[in-house]
Amino acid sequence: MTDPGSPSPLTVVPGGDGGFLSRLPTVLQPHRSLLTYYLVSALLAGPGFPILGLIRYFKYQTLRYTLDDEGITVRWGILFRREVSLTYARIQDIHLSSNLVERWLGLARIQIQTASGNSQAEITIEGVPDFGAMRDFLYSKMRGSRERAVPTQGSARAMPAGDHDALAATLREIAEEVRALRLSLDSGATREKQDV
């Protein structure tokens, strides 16, 4: 069922360097062997094969992964369009899983989990033949976004001495203004009590 000569957007150049991930933003579609996997799994459904096979075929035809500098978006569906977007900073864990048929076809599912409290994966990427490179790419993006988001402990010490003096002077001015406001409020409250 699969034609080895037909190129797919996820067909990796020999060497397995994951070169398709070097240019962002990029839109990826699954490899043709995912359609084979979908049809084999639909065959196992027995009498439900025609319906499940049709559903899986349309999912394969519409499934797209969009990767950019901010995150990943997965889209699929014809009648009921579904789109899930996830930033790299929200990624908590990445799992690879594959059953016997997927391993035979050279596929695996990349399950991306967040801290949403749900035990299931937020996004599942399937149909990527070079799933190791994709997992490594997602790990590097996840770590990179966390390093940018979390300030280092020594960031306060790295401030130049002149900035510390300016900050201290500004804080003193604010404290003096707060004291003056307190005194004016206290004096206004005592006048009201005397008038009553």
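Strands E5 and E6 pair in the antiparallel sense, over 6 bridges. E6 also runs antiparallel to E7, and 3 bridges join the two. The model is predicted. Its protein chain holds 5 helices and 7 strands. Along the sequence they follow the pattern β-α-α-β-β-β-β-α-β-β-α-α.

- Gln-111 in E6 is the bridge partner of His-95.
- On the E7 side, Gln-111 has Thr-124 as its bridge partner.
- E6 covers residues 109-114, and Thr-114 belongs to this strand.
- E5 spans 91-97 and E7 spans 123-125.

**Thr-114 and its surroundings**

- Thr-114 has a relative accessible area of 11%, so this residue counts as buried, the cut-off being under 20%.
- Its side chain makes a polar contact of 3.4 Å with the side chain of Glu-122.
- Leaving aside residues up to four places away in sequence, Thr-114 touches Leu-86, Arg-90, Gln-92 and Glu-122.

**The four-stranded open sheet**

- E1, E2, E3 and E4 form an open sheet of 4 strands.
- The order is E1-E2-E3-E4, with antiparallel pairing.
- E1 (26-28) and E4 (82-87) are the edge strands; each has a single partner strand, so one side of each has no neighbour in the sheet.
- From one strand to the next, the twist averages 15°.

**Pairing and hairpins within the sheet**

- E2 (residues 64-67) pairs with E3 in the antiparallel sense over 4 bridges.
- In this pair, Arg-64 stands opposite Arg-75 of E3.
- The hairpin of E3 and E4 has 5 residues between the strands.
- Gly-77 lies in that turn and has a positive phi of about 115°.
- In a regular strand, side chains alternate between the two faces of the sheet.

**Leu-24, ahead of E1**

- Leu-24 sits in the segment before E1.
- Leu-24 and Asp-68 are 44 residues apart along the chain, yet their C-alpha atoms are separated by 5.1 Å.
- Beyond residues up to four places away in sequence, Leu-24 touches Leu-67, Asp-68, Asp-69, Phe-137 and Lys-141.

**Helix H1**

- H1 has 12 residues, and at 1.5 Å a residue they should span 16 Å.
- The C-alpha atoms at its ends are 17 Å apart, which agrees with that expectation.
- H1 is mostly covered, with 9 of its 12 residues buried.
- The buried residues are Ser-33, Leu-34, Leu-35, Thr-36, Tyr-37, Tyr-38, Leu-39, Ser-41 and Ala-42.
- These buried residues pack against helix H2 (49-62) and helix H3 (100-105).
- An α-helix has 3.6 residues a turn, so residues three or four places apart point the same way.

**The largest nonpolar core**

- The largest nonpolar core contains 29 residues.
- Leu-67, Ile-112, Ile-123, Ile-125, Met-134 and Leu-138 touch the most other members.
- Helices H1 (32-43) and H4 (131-149) each supply at least two residues of this core.
- E2, E3, E4, E5, E6 and E7 do likewise, each with at least two residues.
- Ile-125 touches Tyr-65, Ile-72, Ala-108, Arg-109, Ile-110, Ile-112 and Leu-138, not counting residues up to four places away in sequence.
- Leu-67, one of the core residues with the most partners, is also touched by Leu-24.

**The chain as a whole**

- The protein chain has 196 residues, and buried residues make up 28% of them.
- Among contacts with a separation of 6 or more, 48% join residues 24 or more positions apart.

Key. Residues are numbered from 1 along each chain as its sequence is written. This is a predicted model: local features need pLDDT of at least 70, side-chain atom pairs count only at pLDDT 80 or more; totals for chains, interfaces and linings use all residues. Side-chain values use heavy atoms; hydrogens and water are left out. Two strands pair if DSSP finds at least two bridges between them. Axes are lines fitted to C-alpha atoms, for helices over the stretch in contact, and angles run from 0 to 180 degrees between N-to-C directions. Buried means under 20% relative accessible area, exposed over 50%, partly exposed in between (1.4 Å probe, protein chains only). A polar contact is a pair of N or O atoms within 3.5 Å; within protein, one must be able to donate a hydrogen and the other to accept it, and residues adjacent in sequence count only if both atoms are side-chain atoms. Contact means heavy atoms within 4.5 Å. A nonpolar core is a set of buried Ala, Val, Leu, Ile, Met, Phe, Trp, Tyr and Cys residues joined through side-chain atoms within 4.5 Å. The expected span of a helix is 1.5 Å times one less than its number of residues.
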